[in-house]
Amino acid sequence: VKSGNFSDTVDVTVVKNPTSIAFKETAYTVDFDQTIDLADQLTYAPDDADFDPANVEWTLQSGNQYATLTGTTVRGVAKGDAVVKATYGNKTATTTVKVTKLVQDFTMNPTEVTVWKGESADVTVTTSPEGSEWATLKIVNEGAGDFYTYTTTNTGLTITGVKRDGANDGVANVKVQIDNGRTEALTKDLKITVKENPITGAEITTAPGATVLR
């Protein structure tokens, strides 16, 4: 700029702002009481845009009862889904952080189950920490003989007796496995005994004139 004998100059920098921003994934998973850093999960377009990560504003859009956000780091505090929002100028992007509560250990009750042939019995599985969940629950090594079948329930296993070992009780020593889908599977021992119910029927008879009260 010039006016008479006076002049001055100024540098003008032209920047190319991103036309869009987005997360690499629509959802992420973090374990209960663990953290995940989303700083390197944010992308922008076009590739040659001038993008400064320091100018991104990070907020929890929803689910603050399930997670906390410190800078770009999300910590899981309860099982549930939280939505993280990133804002860069007038551009925004969101992603879901799923907080899981995975099994660290489990117990079974009973650890030795006896069931009549043709009937069923339940084995209750209790996991820790309280409220933790499993991906799969199954018997991984079948005992000798096909003495039983089983199904998985919301609370454990249901064992059904199929047959005995000839004239003897059918006995299977098996391992029950919980796989939480993220860490090494856990196994516990379970003994299954199938018996033949000696009672095949029952009958009530009364003497003439007698009355059955109960």
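**Reading contacts, cores and surfaces**

Biologist: Asp33 forms a salt bridge with Arg75, and the closest N and O atoms of the pair are 3.4 Å apart. What is a salt bridge, and within how many Å must the nitrogen and the oxygen lie?

Modeller: A salt bridge is a side-chain nitrogen of Lys or Arg within 4 Å of a carboxyl oxygen of Asp or Glu, and by this rule the count comes to nine salt bridges. Before we go on, please note that this is a predicted model, in which local features need pLDDT of at least 70 and side-chain atom pairs count only at pLDDT 80 or more, while totals for chains, interfaces and linings use all residues. Residues are numbered from 1 along each chain as its sequence is written, and side-chain values use heavy atoms, with hydrogens and water left out.

Biologist: What is pLDDT, and what is its mean in the protein?

Modeller: pLDDT is the predictor's confidence in each residue, on a scale from 0 to 100. Where pLDDT is low, the predicted coordinates should not be read in detail. For this protein the mean pLDDT is 90, and 98% of the residues reach 70 or more. Confidence is lowest in strand 15 (residues 136-141), at a mean of 89, and highest in strand 2 (residues 6-7), at 97.

Biologist: Where do Asp33 and Arg75 lie?

Modeller: To answer that we need elements, which are DSSP runs numbered from the N terminus: helices are H or I runs of at least four residues, and strands are E runs of at least two. Asp33 lies in the loop between strand 4 (27-31) and strand 5 (35-37), whereas Arg75 lies in strand 9 (residues 73-76), so this pair ties together parts that are 42 residues apart in sequence.

Biologist: Is Asp33 buried, partly exposed or exposed?

Modeller: The general idea is a set of cut-offs: buried means under 20% relative accessible area, exposed means over 50%, and partly exposed is in between (1.4 Å probe, protein chains only). Asp33 counts as partly exposed because its relative accessibility is 44%, and Arg75, at 35%, counts as partly exposed too.

Biologist: Which residue meets Lys117 in a salt bridge, and which one meets Asp169?

Modeller: Lys117 pairs with Glu196, at 3.1 Å from N to O. Glu196 lies in the segment after strand 19 and Lys117 in the loop between strand 13 and strand 14, so they tie together parts that are 79 residues apart in sequence. Asp169 pairs with Lys195, at 2.8 Å from N to O. Salt bridges that share partners join Arg164, Asp169 and Lys195 into one network.

Biologist: What is a nonpolar core, and which residues touch the most other members of the largest one?

Modeller: In soluble globular proteins, nonpolar side chains tend to be buried together. A nonpolar core is a set of buried Ala, Val, Leu, Ile, Met, Phe, Trp, Tyr and Cys residues joined through side-chain atoms within 4.5 Å. The largest one here has 21 residues, of which Ile139, Tyr148, Ile159, Leu190 and Ile192 touch the most other members. The elements that give two or more residues to this core include strand 12 (105-109), strand 14 (120-128) and strand 17 (156-161); strand 18 gives the most, with four residues. A second, separate core has 19 residues, among them Tyr28, Ile36, Leu38 and Ala67.

Biologist: What does Ile139 touch?

Modeller: Contact means heavy atoms within 4.5 Å. Not counting residues up to four places away in sequence, Ile139 touches several residues, including Tyr148, Ile159, Val174 and Ile192.

Biologist: Which residues make the nonpolar surface patch?

Modeller: Patches are made of residues with over 30% relative accessible area and no salt bridge, with like charges joined within 9 Å and nonpolar side chains (Val, Leu, Ile, Met, Phe, Trp, Tyr) within 5 Å. Accessible areas come from the Shrake-Rupley method with a 1.4 Å probe, and for residues only the protein chains shown count as cover. Here Val10, Val12 and Val14 make a patch of about 370 Å². Val12 lies in the loop between strand 2 and strand 3 (20-23), and Val12 is exposed because its relative accessible area is 70%.
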